[in-house]
Structures are given as C-alpha cells and as structure tokens.
Amino acid sequence: MRLDLDADILRNGGYKKGELDLSVTQSLIGTIVALVVAILIALAGSQGGVELGGIPLFVFCAAFAIGVQWIVFVPSLMARTEHYYDLTGSLTYISVTLFALVAAGQFDPRSILVATLCVLWAARLGSFLFFRVKKDGFDRRFAKMFDVPMWFFMTWTIQGLWVVVTLAAGLAVLTSEAVPLDGWAIAGAMIWLLGFGIEVIADRQKSTFRTENKGEFITTGLWSWSRHPNYFGEIVLWLGIAIIAVPVLSGWQWATMISPIFVIVLLTQISGVKMLERSGKKRWGDNEQYQQYVQRTSVLVPMPPAS
C-alpha cells in the first residue's frame, strides 16, 4: 500500500511521540469501517455482472483481496516484520485482476487492456517499494503496531480495502458484459500512460537523489515542478482506468467511480502528501532553502515554479 514516506524521514522519526498511536478499540472500529465500505463497493459493482455459483464475481474478488491480507498478517505479526506488506498488496492486485479476467472468461479487448494496465502498475510499484524497504532495512510506520496486534491487523485490512476500492472501476470492466473499444478506452489509456510515466520517472529520480544525497530534500527533475509528482502520477493513472470503464457502467456500478476519488483522498489527506508535508516541515522547516522550495513549488500538480 503506497503510504510510503521518505526513508530518511522514517529513519530519524517523522512523527511526534504518540501522534499516530491507536488503541485496540480505535483499531477495531477502523477494521469494521473498512470491511463495511469494501462490502458496499463490492455489492454495488456487482450489479449486472458475472456470477460464480450464484455469487457475483466482484464479491469473490473483494473477499479474496481482504482474505489474502488476513492470511499474510499472521506470519508477519509472529515474525514482527513489515517487509512483505507492500509486496503482498501488489501481488493481491495482480492476483485479483487475473482471477477476474480468467473467471469471467470474456477476454475482450477492453478487459485485456484494463488487466494489462493494472498488472503492469502493480508489478512496477510493488517491486519498487519492496526492494526499497529491504534496502533501508525497516519501515518505522510499523514499529509501534507490533505491540498492538489489532492496530497491525487493521492496517492489513485497510490494505485490502485499498485494493478493492482502487481497483473497483477496473473490476467492473472485468466482471461485466464486454463493450467494444471506443474513444473512452483510447482516452483513458493515454491518460494512464501519462500518469504511469510521471510516477515511474519521479520515483526513479528520487531514488537516485537519495543515494547520492543522504538526508537532503530533492528539488530537481519533476520535483522542481511538484513537491509530490509521484502521487500526482498515481492519481492520474487511476483516473485513466476509470475513464476506460465509463461505457461499461450502469445502475449501482457507477459507485465504482469512487476509485480515483478514493486515491485522491488517500494520497492527499490520509497518507502521502499530508504526512510528508508535516514530516518535511518538522525536519527542514528552519532551512531557508526548503522554505523557498515550498513557496515556489506546487504541492501536487506539476507546474513551472513561481518566480
């Protein structure tokens, strides 16, 4: 799940003590809310879709996505490791996508297009995050969670929700009647390519910079036009998937268009941008160069720096 923070910030502590601590009760409530949302999206996206043994394929996919997280949670808690968290999320994307494609048995051009784009994104991001955590040795996000198993369990459940909601529009395509390729598919694919390209380039630029400039903040490449271009790219690519899905949707299936909205809220208000901005201010807030960078650079949408 892309709740990634800069490794240097994580290593030196990006949070105030107790700032993100959750109690067992709060974690339980969070888990229940995540499950309810996933169920509602699955039921809405299932309308008019393919069924397996009388059960909507979309529902099967949602149950599988969350079930996998729960299974991997057990050995992860026992070993007190988070190394396979991001990798599990990405493999779940790939597994759910391919399962939906094969189980529906349609293999129409639009379904193949959506499946290819989703698998390509998940494989790239999953491997990137996995090797980054392996290289850094740990992920401080999870340090306190091991002592509150319900909190750790909630985090895995939310990752399942992340898969279900983010992939919702794509799953609607994969589990519904085939619709021939059209202008929506072409436009969506082009938007996806734009977003994917931005995310890949931004991640690569930051990885290279961090290798050569430990503990510094990046202001070059795409990062000179946006403080978080990787998140912008991810938002754009999921918007592309939603656009490809438009001609397929009907009735309650339109609820799956929450996918790009969910990604925007997740990456700007819950994790990602919000967390990094707070952590960056804490670490470099007194640095005049950092203050100037923040003032002249767009927070998300890439645009020329203000003069």
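F107 is placed in the loop between α4 and α5. Helices here are DSSP runs (H or I, at least four residues; strands are E, at least two), numbered from the N terminus. The structure is a predicted model, in which local features need pLDDT of at least 70, side-chain atom pairs count only at pLDDT 80 or more, and totals for chains, interfaces and linings use all residues. Residues are numbered from 1 along each chain as its sequence is written, and side-chain values use heavy atoms, with hydrogens and water left out.

F107 is not a glycine, yet has a positive phi of about 50 degrees. Most residues other than glycine have a negative phi. With 45% relative accessibility, F107 counts as partly exposed (buried means under 20% relative accessible area, exposed over 50%, partly exposed in between; 1.4 Å probe, protein chains only). R80, also not a glycine, has a positive phi of about 50 degrees. R80 sits in the loop between α3 (57-79) and α4 (85-104). Its relative accessibility is 44%, so R80 counts as partly exposed.

Confidence was examined next. The pLDDT, the predictor's confidence in each residue from 0 to 100, averages 89 for the protein. At least 70 is reached by 90% of the residues. Over residues 5-19 the pLDDT is below 50. Beyond near neighbours in sequence, this stretch has 41 contacts in the model (heavy atoms within 4.5 Å).

The whole structure holds 16 aromatic pairs. Rings of Phe, Tyr and Trp (its six-membered ring) pair if their centres lie within 6.5 Å; planes under 30 degrees apart count as stacked, over 60 as edge-to-face and the rest as tilted. W121 and W238 form an edge-to-face pair, 5.0 Å centre to centre with 75 degrees between the planes. W121 lies in α5 (residues 109-136) and W238 in α9 (residues 229-245), so the pair ties together parts 117 residues apart in sequence. Both W121 and W238 are buried. One aromatic cluster is formed by W70, F73, Y85, F146, F152, F153 and W156.

Helices α10 (residues 258-270) and α11 (residues 273-284) pack at an angle of about 15 degrees, with axes 4 Å apart. That makes α10 roughly parallel to α11 (under 35 degrees; over 145 is roughly antiparallel, 65 to 115 roughly perpendicular, the rest oblique). Axes are lines fitted to C-alpha atoms, for helices over the stretch in contact, and angles run from 0 to 180 degrees between N-to-C directions. L267, T268, Q269 and I270 in α10 meet V273, K274 and M275 in α11. By class, this contact has four nonpolar, two polar and one charged residues (nonpolar: Ala, Val, Leu, Ile, Met, Phe, Trp, Tyr, Cys and Pro; charged: Asp, Glu, Lys and Arg; polar: the others, Gly among them).
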